[in-house]
Amino acid sequence: MDMAIERPRVLSGIQPTSGSFHLGNYLGAVRQWVAQQETHDAFYMVADLHAVTVPQDPAEFRSNTRLAVAQLLAAGLDPERCTLFVQSHVPEHAQLGWLLNCLTGFGEASRMTQFKDKSAKQGVERTTVGLFTYPVLMAADILLYQSDQVPVGGDQRQHLELTRDLAERFNSRYGEIFTVPEAFILKETARIVDLQDPVVKMSKSASTPKGIIDLLDEPKASAKKIKSAVTDTDTVIRFDEEHKPGVSNLLTIYASLTGTGIPELEQRYEGKGYGALKTDLAEVVVEWVTPFRERTRGYLDDPETLDSILAKGAEKARAVAAETLAQAYDRMGFLAAKH
Ligand code: TYM
């Protein structure tokens, strides 16, 4: 771990709300988390405090949180190489969140597009204040760990901008304590789109089940979804996100799951038609999800190991978070409690 001191720090999080992660979560974010364990001092968390910004059934929420941890391990996170924890196990997140709430403009928070979209869909009365301040809590997550980089999908870019603004604001008002983080967004997989409606991102809330590849679905069902993905009336297999978003999405998924370059795929499928591409990609997906599901089940079947991983993770995370929070309290002028 000594080497970790010189490594840049990363932090990222995923919500446990939907049960199974989908392919967009994996390719847009989690896959990069796995890679960055080797090169960064990495902190990854299940964002359960964010999840309760919309109503959750308590029993389901608890089991989905475990399921999220199991999936992260199944995807390749290694607790020896990264710090894996559950956000609510580290109370400093909510505490710094409050301080940052008091530094965030009402107008500034109102401009967050994810909030605007979600609250428009739900209606004002059903939208919680928690959903409104969601990005501020996210800023607290990131700043507590002095993160240099934050590996996320493209939909989180605006939240990262807010995080940077808040870090800079705090630093200039109270003295430099926060590292100003950068988003780490891989261009190729920043936005995996819906299989049925390839102009919108793949997302549980926005898409029909047919448009989403859930990693824990029956592999056969996923194969079927790939085979019935919406493409276009042309027959040419070419990467062109503007004119051929459906085909481009399939090529992106294929390329990232197999490590094959897109130009190579275009060549391989020249003159072969969409059917061949879909059949092969369906197989690639089945080969990936089948062992993933098994590994997830394995971790779920061993709750003691899971709990001990999370206990260690929370302890490591807390040591870092508590130090940052203490500095923030001190700089803002809170009277220190004497014990
Ligand atoms: P969440 O749980 O919605 O999604 C987890 C990650 O998956 C990415 N993602 C996608 N990437 C590409 N294509 C898609 N269709 C797609 N759908 C989702 C998301 O960009 C995200 O990286 N607010 C965060 C959780 C969070 C967080 C944090 C992230 C809480 N605190 C601190 C980073 C740092 C979220 O809701 O992600």
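I started with the largest cavity, and its volume came out at about 60 Å³. The model is predicted. I listed the lining of this cavity: Gln114, Phe115, Lys118, Leu131, Tyr134, Pro135 and His159. At least two lining residues each come from α6 (113–122) and α7. I sorted the lining by class and got 4 nonpolar, 2 polar and 1 charged residues.

How many cavities of 30 Å³ or more does the structure hold? I found 2.

Next I took the second largest cavity, with about 30 Å³ of space. Phe21, Tyr26, Val30, Gln71, Ala75, Leu215 and Phe292 line the second largest cavity. Here α1 and α3 (58–75) each give at least two residues to the lining. By class I noted 6 nonpolar, 1 polar and no charged residues.

I placed the ligand in the largest pocket. The elements giving two or more residues to its shell are β1 (9–14), α1 (23–36) and α7 (129–144). I noted 28 residues around the ligand, with Gln15, Tyr134, Asp141, Asp155 and Ile192 the closest. The shell splits into 13 nonpolar, 11 polar and 4 charged residues.

For Asp155, a side-chain N or O atom is 2.4 Å from an oxygen atom of the ligand. For Asp141, a polar side-chain atom lies 2.6 Å from a ligand nitrogen atom. For Gln156, a side-chain N or O atom is 3.2 Å from a nitrogen atom of the ligand. On its own the ligand has 720 Å² of accessible area, and the protein covers 95% of that.

Definitions and conventions: Residues numbered from 1 in each chain as written. Predicted model: local features only at pLDDT ≥ 70, side-chain atom pairs only at ≥ 80, totals over all residues. Heavy atoms only, no water. Near = heavy atom within 4 Å. Polar contact = N/O pair within 3.5 Å; in protein donor to acceptor, adjacent residues only side chain to side chain. Areas by Shrake-Rupley, 256 points an atom, 1.4 Å probe, with all protein chains shown as cover. 1 Å grid on protein atoms, 1.4 Å probe; cavity = no way out; pocket = protein on both sides within 12 Å on 5 of 7 lines; lining within 4 Å. Sits in = over half its atoms within 2 Å of the grid points. Helix = DSSP H or I, 4+ residues; strand = E, 2+ residues; numbered from the N terminus. Nonpolar A, V, L, I, M, F, W, Y, C, P; charged D, E, K, R; others polar. Points joined across faces, edges and corners; volume = space filled by probe spheres on them.
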